[in-house]
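Me: Could you walk me through this model? I'd like to start with one chain and then zoom in.

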Amino acid sequence: MTIDSEPVTTAGAIALANLEVRIDGYVSRVDGGRPTVGGRVELIELIALRGQLLGSIGDLEQAVALADDLVAQVPSDARSFVARARMRAVFHRFAAALSDLDTAAALGGGSVVLDAERAGLYQALGRYDEALEIRRPAAVANPVFSTLAALALLHGERGELDLAESRFTAASRHYRGTSPFPMAMLEFQRGKLWIENDDHGRARTWIGSAVRRLPAYVPAQGHLAELDADRGDTGAAIARLRPLALSSDDPDYATQVARVLSDAGHTDEARTWRDKAEARYDDLLADHYAAFADHAAEFWLTVGGDSERALALARQNLSLRQTPRARALVRRASSWSVAEHR
Amino acid sequence: MTDHNSSPRAVAEPAIDIADVYVFPSPSRPGRLVLVLNVFPNARQGALFSDAAHYRFRIRPVTIPAGGPGSVFEVGSDEYDITVAFEAPTTTDEAGNPVQEGFCTLPSGVTVAFRANDEQATEAFGVRVFAGLRMDPLFIDGTGYVETLATGRVTFQENGTNSAEGWNILGIVVELDVATVLGQAAGTLFAVAAETVTAGKFPLRLERFGRVFVKNQLLGELGVDKVNQDLDLRELYNSEDPFELAPDYLAAYRARLNANLAALDDIDGKIDWPLRPDGTHPLTELYLGDYQVVDVAKPYAEDSYLEIEQAMQQGRAHTTSGGRSLNDDAVDTTLTFNVTAGNGPRISDGVDQATVRASDDFPYLAPPNPDPAAIGGFLVPSKVADQLAALEAAGLVSRSR
């Protein structure tokens, strides 16, 4: 399958350099003591974006801290609570995020923005029908990149793959910009959908496109490595994963590289990465249990080698969000646990 | 957590965000016209131009068919485009900074290559080009300006504070030999608008700029437009062809301009621009033609912004080159024109020059500030009331008036 490279977007290196420049500019404004709420919200969003693109949990933690400060210092502005709701959602504190959105509404926050945020939270919680009640009319009333992309993702999670594909295509056609970030993220999400639906060819097409658009996009590189490993290209997978495991503070990459190294017979190095991942997951579960329960479960199901721990984490994750993915994780963990005890 | 399916939202890219446009005869080289397009507000060391956008000056000949209140320019159909594009960096300089190569394509189709941040620009085919980090030539008491618009009365201090103090931008400077590049054009009056458009098979207009403050203030929400009270027109406006507005939103633009211009006229308590019987403001159609007008036959004049437009409204011949020079106090000129029509003392925001005056010599824009000030974002909301609220919340405006 070949895809059109349109829309043409700015080279990833340029976009990331400019992102750093913008963050520096806003940081100096905040430090200079003359920040506006709009500027502080933008700084939070930019740092969170960098964190998501470069696999930096530290950035995301910083964004959360800034959002908490903003609410504490400007509790009368709806935008403070919307910013914090978004950051709470990143760390899977969905109930707290919904509460923030209610506060934002009471402070006069715009309903279009708040409804869009609520839809994202409903989707994360597996409340797909409620999310669809917001997403579908929003895309009909205002068919732009963001509304079409959001609807595509929702259809994908609901298993409506044809609808998801058509909305992904529509979102791409409606993109009006040059920043590579939204398009790379869209292509990455589209590719992930096909990984989950066992079409690795399509997945590689879209995730490959995301990586070409933005080579430094860490999650996309990580999933491309997963596809490399699945087709037996262990060398390529390791070559992709080692730099990610070194540069990112997200233990997913250490977990992945440990698994691939182990499968390739490099047991000593695999053990080193496995142990690093375990230590990091212990830290992250202490601080952000809701956000990392599912990923930690994956770790214990694979190189971690403890299906009981995995099952406990998977069940906790399911209690927080009743999504098909969460249920599938519990089923896998249960199967492994049963198999181990035979 | 890295799998959190947050929907991708459109992200503004600063490298295509137009900050300002200037058009003026060269003060040091007669016969040359200087075009300046500044992007990336509050740029800093490390900022780069997009390789997925074209930075374009669009030039068309204009004539003045008749003078008097409500007069508008007649724009010709011949167009002379100057398009600047950049590549992604592949090398670094001695200091380790990425090096960008650029290309300037002239109306003849000839392309002139240059390197960003190279002040020693070579001249070829009647053109010199500079592009890179420079000091922002804007000067304005932004706080006082927003407060003036929001409150409906002049609130400037005698000695204002330059809100753009120390800012940098990414500037593109094209100095062209008029006879060589525009020699085929009829007349000496030209309309100039600047745009950023996407590169690729199907170019999309991202931003455009003509005169000062048309998009953010004249089309902003002052709270007086009764036709479209809560409609942010700026993105719609941005996507329009400056020389050929589509019919879809013309009525909305007209309603907004009529209301806002009338409100501005009333700031000093007297009406200098009486509305027509149908409620149309005499300057609405002029501002809908959002481009600067320059007379290339006239010499450089530092304070000539809107002189051609004013002369046309007054039914007299213009005397200067018009356009907008880098040191021109276009903010004061715009306010005075809109509020008093020139019938009375000049309105001043108390800020009369930039941090560093622009040069009379190429590349004209002052060298960048090595320690730039922080970003000021209070002009971003469409509603001027929200801009004022942001300033109050940041402690930049006193709540007692």
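Reply: Here's a quick tour of chain B, from the confidence scores down to one hairpin. This is a predicted model, where local features need pLDDT of at least 70, side-chain atom pairs count only at pLDDT 80 or more, and totals for chains, interfaces and linings use all residues. Residues are numbered from 1 along each chain as its sequence is written, while chains are lettered from A and ligands numbered from 1 in the order in which they are written.

Me: What's the mean pLDDT of chain B?

Reply: It's 89, with 91% of the residues in chain B at 70 or more; pLDDT is the predictor's confidence in each residue, from 0 to 100. For the complex, the predictor gives an ipTM of 0.93 and a pTM of 0.93.

Me: How many helices and strands are there in chain B?

Reply: Nine helices and 14 strands. Those are DSSP runs numbered from the N terminus: helices are H or I with at least four residues, strands are E with at least two.

Me: OK, strand β1 of chain B: why is it largely enclosed?

Reply: Because eight of the eight residues of β1(B), residues 18-25, are buried. Buried means 20 or more other C-beta atoms within 10 Å of a residue's own, with C-beta atoms placed from the backbone.

Me: And which strand does β1(B) pair with?

Reply: β2(B), residues 32-39, antiparallel over seven bridges; pairing takes at least two DSSP bridges between the strands. B:Ile18 has B:Val39 as its bridge partner in β2(B).

Me: What's in the turn of that hairpin?

Reply: Six residues lie between the strands, and B:Gly31 takes a positive phi near 90°.

Key: A residue is buried if 20 or more other C-beta atoms lie within 10 Å of its own, exposed if 12 or fewer, and partly exposed in between; C-beta atoms are placed from the backbone.
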